[in-house]
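Biologist: I have a new model open and would like to go through it. Can you take my questions as they come?

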Amino acid sequence: CHPRTARLRGRGCRRSRRRHTRGRLRRTTLSLWPSMQTPLPRRRLSDRELCSGAVRTSHYGALLSDVSVDFSLFDTRAAPSLWASRPLLGAPQRGVMRAPCSANDLQTLLADYEGLHLQPLVAAIRPKRPLGQRSAEGESIALFLLADYANLFHQMGSLYITAAAMRDLLGSKPDTAHSVHVFLLNNASLTPTAVFWSPGLSARAPRFVGEPAARSAGVRSFGRVLLVQPATETWWWNVWKPDPTDRTALLGPIASWLSSAVLGAPPPSRPPPQLPPAAAEPGARRRLLLLLSRAASSDRRILNEEELRTSLEGRLRHGGTPPVGSATEVRLVELGALSSREQLSVVRGAAGLIGAHGAALVWNLFLPAGAPVLELLNRANANAYYSNQCRWQRRGYAAWQNNDPAREVQAFDADGRLLDPFRWHLRADVGAVGALLEGLLSSPRHRAGEAARAVARPGMVEARGGAPATALLERRKK
């Protein structure tokens, strides 16, 4: 639209100019900050049904029925991380998947995926001929996902979103794991969360689609194929501002599902909201508050962790009447020295978590009901990773943030390079942290959770959650 014709074309001309302006601004932004192109999407999937019900989409991904998959057509040059350059899964060749859909329906599906990470894969799906003919392979299910890199917090996001997709689109129960096959579209290492993928979600270990063994399988047919949205394109990465959405009904069952599969016993059940705090027995067995140590880490260490532990334990024992059923012992624990099963066993019997900002705090997802989280932040830590996770579960949360430069010490990597202030060590204010902890343990939410824990299946709770965890830590300490 030329300015001379603006008066003649009027409103349409203004829309055209706005489109041109947005494009110009977008190109300028990408040229100034190229790193901002990859992390988060412009939009998210919506609920839709296509192909006469053979394809369903939701916030968590797309479910396709009666699909043939040609593994030889996947691209082996896939990136190992969700934070690499796009496209993360390379360029799959046309016909890598064939579904009982018309070309028009597949174009509609592709339009939904425009700008998202899985767009190259959806663009390579082709109609299956003849339409309407069902495969004889039965009820086998294939999950295809882009896993995040080998960090506990990042991969726990991939795990939880995959489990949420299974519940939302498959209605899966733990007993369907024998029919589930998990395939990675990128060559990611699942070491931090391997035990949760198998036997947690599937009886088989996940496999990269580019592995020779997978590619040699050629064409395989599946009753259902689930394309899982990457965690960065879901609510998991609402980390830069408070997100008060209540996701207890989703996160609680997933934690129970995974804990049951890994440990063979369900974690403590969530309390009825109407249960009064006075229902607990005054002499109930007390549990441990875990102070997470980062002594072996090169960054974000608590420099006075033993002083902090002693001070907090003194407050709990001598600072007045402790909350009913609460812990009176604070145990310094380095979770990285334990296996994943041992970490889960320790956390599910804990009375709460205290620690510096770091991936280990993601274990809050498996804490018993009412167990709070206390996070220690340096001056540069300014996100809502774990405060949001606690909001989603209606879990008690508090944060102590340092504002005194004298309490922080620079951190260096293994090669002696100075790390950014986000990773600097800190010396906690034991008085302020202790006051925050007392407030958390005195809250009605914590009291209700502890009361419910004391009266709901007390034998199973202590035998499977508390006692073995305490004994394990004692063995490790010796």
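Modeller: One term before we start: a residue is called buried when its relative accessible area is under 20%, and exposed when that area is over 50%. Keep in mind that this is a predicted model.

Biologist: Fine. Leu73, then: buried or exposed?

Modeller: Leu73 is buried, because its relative accessible area is 15%, and the limit is 20%.

Biologist: Where is Leu73 placed?

Modeller: In the loop between strand S3 (61-70) and S4.

Biologist: And what is Leu73 in contact with, sequence neighbours aside?

Modeller: Once neighbours within four places are left out, the contacts of Leu73 are Pro92, Gln93, Arg94, Gly95 and Val96.

Biologist: Step back a bit. How many helices and strands are in the protein?

Modeller: 14 helices and 16 strands. Of the 478 residues, 52% are buried.

Biologist: What share of the contacts with a separation of 6 or more is between residues 24 or more positions apart?

Modeller: 76% of them.

Biologist: And the surface, what does that come to?

Modeller: The accessible surface is about 21,500 Å², and carbon and sulfur atoms own 51% of that.

Biologist: On to cysteines. How many disulfides does the structure hold?

Modeller: One. Cys51 and Cys101 form the disulfide, with 1.9 Å between their sulfur atoms. The pair links distant parts of the chain, 50 residues apart: Cys51 sits in the loop between strand S1 (48-50) and strand S2 (55-58), and Cys101 in the loop between strand S4 (97-99) and helix H3 (103-112).

Biologist: Which hand does the link of Cys51 and Cys101 have?

Modeller: It is right-handed, at 115° about the S-S bond. Both Cys51 and Cys101 are buried.

Biologist: What about Cys390, buried or exposed?

Modeller: Cys390 counts as buried, because its relative accessibility is 0%.

Biologist: Salt bridges next. How many does the structure hold?

Modeller: 18. One of them joins Asp112 to Arg48, where the closest N and O atoms are 2.7 Å apart. Asp112 belongs to helix H3 and Arg48 to strand S1, so this pair ties together parts 64 residues apart in sequence.

Biologist: How covered are those two?

Modeller: Asp112 counts as buried at 9% relative accessibility, whereas Arg48 is partly exposed, with a relative accessible area of 33%.

Biologist: Which residue meets Arg77 in a salt bridge?

Modeller: Asp75, at 2.9 Å from N to O. Arg77 is exposed, with a relative accessible area of 68%, while Asp75 counts as buried at 9% relative accessibility.

Biologist: And Arg417?

Modeller: Its side chain meets that of Asp413 in a salt bridge, 3.2 Å from N to O. Arg417 is exposed at a relative accessible area of 52%. Elsewhere, salt bridges with shared partners join Arg294, Asp299, Arg300, Asp420 and Arg423 into one network.

Biologist: Now the inside. Which members of the largest nonpolar core touch the most other members?

Modeller: Met156, Tyr160, Phe196, Trp236 and Phe366, out of 65 residues in that core. Helix H5 (residues 152-170) supplies the largest share of the core, 12 residues. A second, separate core has 42 residues, among them Ala62, Leu82, Leu110 and Val225.

Biologist: What is Phe196 in contact with, leaving aside its neighbours within four places in sequence?

Modeller: Met156, Leu159, Leu201, Leu258, Val262, Leu344, Trp363 and Phe366.

Biologist: Which way do they point?

Modeller: Gly352, Ile354 and Ala356 point one way from S12, and Leu353 and Gly355 the other way. In a regular strand the side chains alternate between the two faces of the sheet.

Biologist: Which strands does S12 pair with?

Modeller: Strand S10 (residues 288-292) is joined to S12 by three bridges and runs parallel to it. There, Leu291 stands opposite Ile354 in S12. Strand S13 (residues 373-377) also pairs with S12 in the parallel sense, over four bridges, and Val373 in S13 is the bridge partner of Leu353.

Note on methods:
Residues are numbered from 1 along each chain as its sequence is written. This is a predicted model: local features need pLDDT of at least 70, side-chain atom pairs count only at pLDDT 80 or more; totals for chains, interfaces and linings use all residues. Side-chain values use heavy atoms; hydrogens and water are left out. Buried means under 20% relative accessible area, exposed over 50%, partly exposed in between (1.4 Å probe, protein chains only). Helices (H or I, at least four residues) and strands (E, at least two) are DSSP runs, numbered from the N terminus. Two strands pair if DSSP finds at least two bridges between them. A disulfide is a pair of cysteine sulfur atoms within 2.5 Å. A salt bridge is a side-chain nitrogen of Lys or Arg within 4 Å of a carboxyl oxygen of Asp or Glu. A nonpolar core is a set of buried Ala, Val, Leu, Ile, Met, Phe, Trp, Tyr and Cys residues joined through side-chain atoms within 4.5 Å. Contact means heavy atoms within 4.5 Å. Accessible areas come from the Shrake-Rupley method with a 1.4 Å probe; for residues, only the protein chains shown count as cover.
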